[in-house]
Each structure stands twice: as C-alpha cells, then as structure tokens.
Amino acid sequence: MQAWQVHENGEPSEVMRLEEIERPVPGDGQVSLKVLAADINFPDALLCKGQYQVRPPLPFTPGVEICGETEDGRRVIATPALPHGGLAEYVVADARALLPAPDALDDAEAAALHIGYQTGWFGLHQRARLQEGETLLVHAAAGGVGSAAVQLGKAAGARVIGVVGGPDKAKVARDLGCDVVVDRRSEDVIAAVKEATGGHGADVIYDPVGGEAYTQSAKTVAFEGRIVVVGFASGTIPSPALNHALVKNYSIMGLHWGLYATKNPKLIAHCHAQLTELAARGAIKPLVSERVDLTEAASAVQRVADGVTTGRVVVVPGLHARKEGAAA
C-alpha cells in the first residue's frame, strides 16, 4: 500500500516521503481499516518535527484521525495506532475506540469531526461549563480547532467573539457565525473585546494559540471567567501570573483531551453522541476548506504547520482517480 513515511524529524515538506510499504497487521484488540479520509491536524506537523508529546519510532506515518471503513463495510471514525498513521491507504486502530461516522456528514467531514470537536466539547462543557447567554472568545477562530469551538459555542447559545489574523480569515469567522470578529493584525484585541463586551470581558476564553494570545486572554477575561488552554500553536508556552488570576477571580483550565481515553472513555462516547445529534440537526458541520489527494499530503501538512489554512484540510486517498473518472 501507499503511505507517507517520516525517516527523520524536520519540516513536513522536507521529511515526508510517499512510499510503498507493507499493509499494517492488526494486533490484539485492533482492527484493519481502509482510509476513506484523513483530517490533517497541527499535531501531525509536530509529529514530523519531533515536537509532539508522543514520539513514535522512526520511520512512522503521520495522521491522527480518519474516517475509515471496516472489513464488513461500516463507516467509522478512528484514531490510528501510531506508528501507522492515517496518511496512508490502510491503518490499524483500537476496536474498542471506534465511533460510528454520522450519516449527516460525508467522509471528509466525518474525519474532521473527532479530535477538534471533541476537544471543543470537553473544553467548553466538561471544563468551562459554558452557559447559554455567556460570552465566549475563541482565538484562531477560522482554524480547524477554533472553527469547531465557534460552532459549538453558538450551538450552546453563547455570544461568540472570534479573533483571527487577516481579512480572509475574518470573513470565514463571520460565515461561521461569530457575533463579533476581531482581526489581530489590524485591531487592538484587548480594546476591541472590552468594547464589544461593555467592559465586562469574556466569560469563557478558548485558547489553542498561547503566546501573545494568552496575554490578551488574561487582560480580557471577565470576573469569574474561565480561560481554557488547549494548545500552543504560536510555539510559545506562556507563564501565567497567578497573582493576576487571584486578584481578578478567574480560572485557568488545562485540557488534554487524550487523557479521557484512559481516565473516562465513556465520556468520549457520550460526547460523540452529542456531536452526532448536533450534526444531524445542522447545528455543527466541520468546515472542510480543502480536499486533497494522498499524493498531496506533505504540502498540505506543511501549510497547516505554517498557519495559512482555514478550517480543515482533508486527505482523500484516490481523489485524483475519482475526479478523472467523473470527467471521463
């Protein structure tokens, strides 16, 4: 089968190679899946660079979430078992962790529903306890992680402020349903948020960026507000001033979604049921900005790493062949 292999750590476009390798064999408790679509995540870029918290042995295949097909024809959502990641034609995955792909979503959308939306749901509901009528601020609102949080916030009845970088991403955020959009490249984020909230600040702040975004969060969070830390896409891990949290009465909450797989796996299934219901009634729909063929995966991972994409970029093996067949 074809699969992208990383033999040394570095920039994705430099170290990913499309190769012909043996199809992985399922171990105890695992199943083999045909990859229907593989959603590209920022952790895929970190895996290539050797900067992710999990470091699979070299060589490995990136790709942390897919929509796949079981041998009996069921469409499922899965996290492939590394080192055999999803940027390939076949993967193996833990049979107990498979989730049914929602009928309301196509393969690419289903592949993009899992990690980003689960992280958003856990961050907003399990950790921050977002309430209807509260104000939610989402950093990188036009990105894959941020766009999911925007949709989930709107579905929960929150007023959503989206922070983005550039006019193109501002349009995406508005189309997603943000009530207020702040372009950090041309606006003072702190002043804009304070103006939009009448000085109250944001009740919940969803931060997958870190760095300067966290500094802005601490200055715009409301009394008894909650800052949910979900990642550091900026590359800078902030050092919070705890005395500031004390005098302003706000909470700083970490979220490592992957821990729930071992600490409380039933909650992941419950979350998926909630997401499936929201998708069925059209309240959420993954923003798939691009569908690319397996042969284009390395450049797609690099663009995600560089922060120039919006929504989700999804790899669909055999896409070129389907397009050629349709044209014929």
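**Around helix 12**

Reply: Start with the cover: strand 1 (2-6), helix 1 (12-15), strand 2 (16-20), helix 2, strand 14 (288-292) and strand 15 (312-315) are among what covers the buried residues of helix 12. Helices (H or I, at least four residues) and strands (E, at least two) are DSSP runs, numbered from the N terminus. Contact means heavy atoms within 4.5 Å. As for ground rules, this is a predicted model, where local features need pLDDT of at least 70, side-chain atom pairs count only at pLDDT 80 or more, and totals for chains, interfaces and linings use all residues. Residues are numbered from 1 along each chain as its sequence is written, and side-chain values use heavy atoms, with hydrogens and water left out.

Me: Why is helix 12 described as largely enclosed?

Reply: Buried means under 20% relative accessible area, exposed over 50%, and partly exposed in between (1.4 Å probe, protein chains only). Of the 10 residues of helix 12 (residues 297-306), seven are buried, so the rest of the structure largely encloses it. Those seven are A297, A298, A300, V301, Q302, V304 and A305. After helix 12 comes G307, with a positive phi near 75°.

Me: Which residues does A297 touch?

Reply: Leaving out residues up to four places away in sequence, A297 touches W4, M16, I40, L87 and V315. A297 is buried, because its relative accessibility is 0%.

Me: Where does N41 sit, and what does its side chain pair with?

Reply: N41 is in the loop between strand 3 (30-39) and helix 2 (42-49). A polar contact is a pair of N or O atoms within 3.5 Å; within protein, one must be able to donate a hydrogen and the other to accept it, and residues adjacent in sequence count only if both atoms are side-chain atoms. Here the side chains of N41 and E65 are joined by one of 2.9 Å. N41 has 3% relative accessibility, so it counts as buried.

Me: How do I read a helix pair?

Reply: Two packed helices are described by the angle between their axes and the distance between the axes. Axes are lines fitted to C-alpha atoms, for helices over the stretch in contact, and angles run from 0 to 180 degrees between N-to-C directions. Helix 4 (residues 115-127) and helix 11 (residues 265-280) have axes that come within 10 Å and cross at roughly 100°. That makes the two roughly perpendicular (angles of 65 to 115 degrees; under 35 is roughly parallel, over 145 roughly antiparallel, the rest oblique).
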